Amino acid sequence: DFLARKFYERRDEYMPPLQSVDEIIDIAEANTTGKPVILSDAADSPNGGAVGDSPYVAMRLAERGSKIRAGMFVVDPLAVKKAFEVVSKQVSLQ
């Protein structure tokens with residue numbers, strides 16, 4: 001009970017600083033080290049208990065015309081099908 005109370009009293013100290021998707025993309029795009037930048041979107045991560053059906057980060061990268069290469073898990077079959085359709089159209093246009 002003592003530890004639980006202490007952790008609860010200090011809960012705000014354990015919260016990491018949160019940034020918007022665009023702020024994180026800005027940081028990744030500014031990387032000049034030549035080393036990869038690994039980002040994790042925990043908001044829609046099935047590992048974190050979410051559904052895993054949001055392509056929001058990929059959409060923001062595309063809308064911004066970003067050169068960042070990204071991989072993501074999407075467990076929604078319709079969203080995955082649509083993503084493959086979009087990618088195949090882009091590949092055929094090049």
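**Reading salt bridges, exposure and a pocket**

Tutor: Lys6 forms a salt bridge with Glu9, and their closest N and O atoms are 3.6 Å apart. A salt bridge here is a side-chain nitrogen of Lys or Arg within 4 Å of a carboxyl oxygen of Asp or Glu. This is a predicted model, in which local features need pLDDT of at least 70 and side-chain atom pairs count only at pLDDT 80 or more, while totals for chains, interfaces and linings use all residues. Residues are numbered from 1 along each chain as its sequence is written, and side-chain values use heavy atoms, with hydrogens and water left out.

Student: Where do Lys6 and Glu9 lie?

Tutor: Both belong to helix H1 (residues 2-9), three residues apart, which is about one turn of the helix. Helices (H or I, at least four residues) and strands (E, at least two) are DSSP runs, numbered from the N terminus.

Student: Is Glu9 buried or exposed?

Tutor: Buried means under 20% relative accessible area, exposed over 50%, and partly exposed in between (1.4 Å probe, protein chains only). Glu9 is exposed at 52%, whereas Lys6 is partly exposed at 37%.

Student: How many salt bridges does a search of the whole structure find?

Tutor: Side chains of opposite charge can pair when their charged atoms come close. The search finds eight salt bridges. One of them joins Arg64 and Asp22, at 2.9 Å from N to O. Arg64 lies in helix H3 (residues 56-64) and Asp22 in helix H2 (residues 21-29), so this pair ties together parts that are 42 residues apart in sequence. Arg64 also meets Glu29 in a salt bridge of 2.8 Å, N to O. Glu29 lies in H2 and Arg64 in H3, so that pair links parts 35 residues apart in sequence. Arg64 is partly exposed at 28% relative accessibility, as are Asp22 at 24% and Glu29 at 37%.

Student: Which residues are linked in a network of salt bridges?

Tutor: The network comprises Asp22, Asp26, Glu29, Arg60, Glu63 and Arg64. Arg60, in helix H3, is buried, with a relative accessible area of 17%. Its side chain makes a polar contact with that of Glu63 at 2.6 Å. A polar contact is a pair of N or O atoms within 3.5 Å; within protein, one must be able to donate a hydrogen and the other to accept it, and residues adjacent in sequence count only if both atoms are side-chain atoms.

Student: With which residues is Arg60 in contact, leaving aside neighbours within four places in sequence?

Tutor: Contact means heavy atoms within 4.5 Å. On that basis Arg60 touches Val21, Asp22 and Ile25.

Student: Where does Ser66 lie?

Tutor: Ser66 is in the loop between H3 and helix H4 (77-93). Ser66 is buried, at 15% relative accessible area. Leaving aside neighbours within four places in sequence, Ser66 is in contact with Ile25, Glu29 and Leu61. The side chain of Ser66 also reaches the backbone nitrogen of Ile68 at 3.1 Å.

Student: How do the residues lining the largest pocket divide by type?

Tutor: The lining has 20 nonpolar, seven polar and three charged residues. Ala, Val, Leu, Ile, Met, Phe, Trp, Tyr, Cys and Pro count as nonpolar, Asp, Glu, Lys and Arg as charged, and the others, Gly among them, as polar.
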